[in-house]
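Me: I want to check the labels on this model against their cut-offs. Take them one at a time.

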Amino acid sequence: MFQKSKKLINAAIFEKHQEIFRCPLCKESMQVIHLQSLVCSNQHCFDIAKQGYVNLLSRGISTKYDKKNFEYRRLFSKDGLFDPLYGAVSRIIMNHHSSNEPVRMLDAGCGEGSHLDNIQTEINRIKPMDLLAVGIDISKEGIRFAATGNPSSIWCVADIANCPFSSQKFKFILNILSPANYTEFQRLLSNHGLVIKVVPDQDYLKELREILYLRSDKQTYSNSLTINHFNKHFNLIDAGSVRYQVNLSEQLIEPLLGMTPLSWGTSEERIEKILQLNLKQVTMDFKVLIGLVKNKPHDLNR
Ligand SMILES: [Zn+2]
């Protein structure tokens, strides 16, 4: 039986939504040509990969995250470790979008895509809406993973400091445990658009920190600088906490250490110690910041 290739299915989705794109090199509008490539009016051309994503970086960039980190994060998502967080973010979106109008949500720094996938699934389960999910990440490895997820989403390798989208195309921007670029977020949000930023709160993985950063100032975690910085760019309309304990099976301990930057730069002995302690539970503690886009000058339309 004839089956449409993944590339063609995704190319059709890119084509349907091609108006959201702008060339990362010259900022002109883009079109999908022959279900093969995204091309701007100056002929800058970005091919749709056979896995169904587009790489919109002009050059390769190496990132700290490797393939194993993405595998670990996916494992945790599958195991439900982020489920309460997904529930909280989904409720924010549903509470702030009450009409039947189509709506777009961008995950800026989506990694291997499981946060965006799970949030979209949760929204569809509770209150189905015409929602386009777009995920971008600077890591090609991450986007390759992501493209195996929800087939109706758009996945791009792209730089959050130079997003390949026209201005004001998104009602929601998610920024989950990932660096931000608020100037770009401000540009991309539509009127009344929201940034939903998730940062670790002070008890996040505290069981690990107590061991890894013994007698160092990193043992306690403060996100006050992050929140202040957020406040300068958006009207903070809410800041909620999501805090819960998760059970860790033995098989998940090593991946947990591998997933988190907490383990970077600490000694092998401490990592070994955590493995020996056979940690059974760990605290997940997040702050969810909701920022409303500030009023924009009228000349900012592209
Ligand atoms: Zn161009």
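**Labels and their cut-offs**

Reply: In helix α2, the buried residues are Asn69, Phe70, Tyr72, Arg73, Arg74, Phe76 and Ser77. Buried means under 20% relative accessible area, exposed over 50%, partly exposed in between, with a 1.4 Å probe and protein chains only. This is a predicted model: local features need pLDDT of at least 70, side-chain atom pairs count only at pLDDT 80 or more, and totals for chains, interfaces and linings use all residues. Residues are numbered from 1 along each chain as its sequence is written, and side-chain values use heavy atoms, with hydrogens and water left out.

Me: Why is Ile176 called buried?

Reply: The relative accessible area of Ile176 is 3%. The limit is under 20%, so Ile176 counts as buried. Ile176 lies in strand β8, residues 170-176. Strands are DSSP runs of E, at least two residues, and helices are runs of H or I, at least four, numbered from the N terminus.

Me: Which residues is Ile176 in contact with, leaving aside neighbours within four places in sequence?

Reply: They are Leu85, His115, Ile119 and Val198. Contact means heavy atoms within 4.5 Å.

Me: What makes the site of the zinc ion tetrahedral?

Reply: The angles among its four donor atoms are 104 to 115 degrees. Four donors count as tetrahedral if all angles lie between 85 and 135 degrees, so the site of the zinc ion qualifies. For four tetrahedral donors the ideal is 109.5 degrees.

Me: Which atoms coordinate the zinc ion?

Reply: Cys23 (SG), Cys26 (SG), Cys40 (SG) and His44 (ND1), at 2.1 to 2.3 Å. Donors are N, O and S atoms within 2.8 Å of the metal (3.2 Å for Na, K and Ca); water is not among the atoms, so sites may look incomplete. Cys23 lies in the loop between α1 (6-16) and β1 (30-33), and Cys40 in strand β2 (residues 37-40), so the pair ties together parts that are 17 residues apart in sequence.

Terms used
Tetrahedral: all angles 85-135°; square planar, octahedral: opposite > 155°, others 65-115°.
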